[in-house]
Amino acid sequence: MNSSNLPTVSVVVIAYNDAGLVGEAVSSALAQGPVVCEVIAVNDASSDGTARVLDELAAVHPRLKAVHRTENSGGCGTPRNDGIALASGRYVLFLDSDDVLPPGAADALVRTAEEHRAPVTVGAAVRRELPQHHDVPWMPGLHTPGEVIERPADRPELVRDTLCVNKLYDRAFLEEHGLRFPDGRFVYEDFVFTARVLAAAPRIAVTGDLVYVWHVRRSAARKSISLDRKDVGNWRARVEAHRAAARILADASPELGSACQVKFLEYDLRMYLRELGKDPEYQAAWWTLTRAYLDTFAEADIEAASAHARWIVRVLRATATPPADVERLTRLAAEPPRLLPPYALGPAGAPVWSEELPAELDGLSGLPVAELPLTVDAEPAGRDAVRIRVHDLYGRLAEAGPRTVQLRFTPRAGGEPVLTRPVDLCPDPRGGWTAVLPFRLADLAVTGRRQGLRRMQAWNIAAGVQCADGSPVFTSLRPGGGLLRRRALPSSRYGVLLAQPYRTGAGALALRLAPGAEGALTLVRNRLQRARAGLGAG
């Protein structure tokens, strides 16, 4: 069956004050071809030129219906519901005004839906960081291309995919179950809508095609809801949306309800914790709100979460206010997780968070070596070398017998990692192990150019420890000892090579390389822009 001959999809685009971007979104929907019978663009009472842009497009494209609300709804749910009510196609597909549908997305989704008679079809999505155009897959590995799930309860982990925009919905299925988004000012409306869909127990078919490109503009003047975390209100909204979704899922299936709670602990909680920041007022408000919500969790759901998530819950429950070492907790929530020293033991000799907060780190003894939240310190050791110190973790790494260590440079914009030659680890008199790892910045810059990294290259740096039992573990580096000093190096290939090590928001070592004068100017220009943004935010 050629689905391009079946004009059966209604694409619902929602927009609010997005005149500069909505045209690209609508055009990507119209470009899907004849499989899309209509594009319904709902303007949520914008005060900029959004209405004009949509009306001008509608005058040229008969398939586009521009709908203008007279009052702003305050959220994304109501305009999407308006679009569903006006849809005439057999299927409904959602699109936000600042995102795009890649070519062939609707066709791939319809073809899969028709082949498997599935009321819900899901495809791959990416978060595209702009302006770098760095694509990060959304929930990689969650869905298997070609898979057909007869009941969501058979795959409880599906609750982790809370997006509504990477899925095609049979409109009759939505109407039969009365499936709509929360109306009004309800943030994270996707959570509730997706929960309602899963609770209705549809057959779900999976296509491996890319069907959605989610644009991430971190420097935008008006941030998207998921990036706008300037106060605790965003976290409160996320908690309330999760609470509603968990209740819906638990009523439909105990397995789905429990999976939703575990997802919150392993994903939402860790994501917001690692971005906690240093504002004491925000920290205190976030801590109080989070503890109150965690008190509603069943102990069985906490026990079902990963060890790192459980430890975070234990510390949160152990004190009513953020502890003095709260930064250690944010590092444990990072990816990869790192548990910074010191390492304390409780009265019974079991690993605990600290002497002040003896929250037990249960399950540490059973963690695979690859999942140990190791800390590796780094300091300069000459022009093209770094000295690292690998901390032991309550004796767990010593049990595995660490033998060698190597550096791994991974392009932050995506690409193949670069590995240095493994070097033997030596015991450190202070505890743990040390090694000096040589590397050549010029060689790294050449590799970056070969991978398409041009004016400025950004690299994440990790250390990989290989153990006697064959177990590898990679973790990020904690910079110190003058390692963050910028250097300009003479280069026979580029004339000059500017190297700027820096500390990421998660406290890990990363590196910017600017080959040649043009690259150096780009690096300096970007640094000035970040400095101005910081002043503006302050």
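**Cysteines, a helix and some holes**

Tutor: Let's start with cysteines: searching the whole structure gives zero disulfides, where a disulfide is a pair of cysteine sulfur atoms within 2.5 Å. Keep in mind that this is a predicted model, where local features need pLDDT of at least 70 and side-chain atom pairs count only at pLDDT 80 or more, while totals for chains, interfaces and linings use all residues. Residues are numbered from 1 along each chain as its sequence is written, and side-chain values use heavy atoms, with hydrogens and water left out.

Student: OK, so what about cysteine 164: how far is its sulfur from the closest cysteine sulfur?

Tutor: That closest sulfur belongs to cysteine 76, and at 8.7 Å it is too far for a bond. Cysteine 467 isn't in a disulfide either, as its nearest cysteine sulfur, in cysteine 426, is 15 Å away.

Student: Are cysteine 164 and cysteine 467 buried or exposed?

Tutor: Cysteine 164 is buried, with a relative accessible area of 0%. Cysteine 467 is buried as well, at 5%. The cut-offs are under 20% relative accessible area for buried, over 50% for exposed and partly exposed in between, using a 1.4 Å probe and protein chains only.

Student: Where is the kink in α8 centred?

Tutor: On phenylalanine 264, and the kink is about 40°. The bend at a residue is the angle between axes fitted to the seven residues ending there and the seven starting there.

Student: How many residues of α8 are buried?

Tutor: 15 of the 20, so α8 is largely enclosed by the rest of the structure.

Student: Now the holes. How many cavities of 30 Å³ or more does the count give?

Tutor: Two. On a 1 Å grid over the protein atoms alone, a cavity is a set of points where a 1.4 Å probe fits but cannot get out, a pocket is an open set with protein on both sides within 12 Å along at least five of seven lines, and lining residues have an atom within 4 Å of a point. Grid points are joined across faces, edges and corners, and a volume is the space filled by probe spheres set on the points.

Student: What volume does the largest cavity have, then?

Tutor: About 100 Å³. It has 13 lining residues, and the closest to its centre are Val120, Lys167, Thr194, Leu198 and Ile204. Helix α6 gives the most to this lining, with four residues.

Student: And the second largest cavity, how much space lies in it?

Tutor: About 90 Å³. Its lining includes Thr194, Leu198, His242 and Cys260. Here too α6 has the largest share, four residues, and α7 (233-252) and α8 each supply at least two. By class, this lining has seven nonpolar, three polar and one charged. Ala, Val, Leu, Ile, Met, Phe, Trp, Tyr, Cys and Pro count as nonpolar, Asp, Glu, Lys and Arg as charged, and the others, Gly among them, as polar.

Student: What about pockets, which residues lie nearest the centre of the second largest pocket?

Tutor: Ala385, Phe439, Leu483, Arg487 and Pro501, out of 18 lining residues. This pocket holds about 290 Å³ of space, and its lining splits into 13 nonpolar, two polar and three charged residues.

Student: What is phi for alanine 45?

Tutor: About 55°, a positive value although alanine 45 is not a glycine. Alanine 45 sits in the loop between β2 (36-43) and α2 (50-60). Tyrosine 394 also has a positive phi, near 55°, and lies in the loop between β13 and α13 (396-400).
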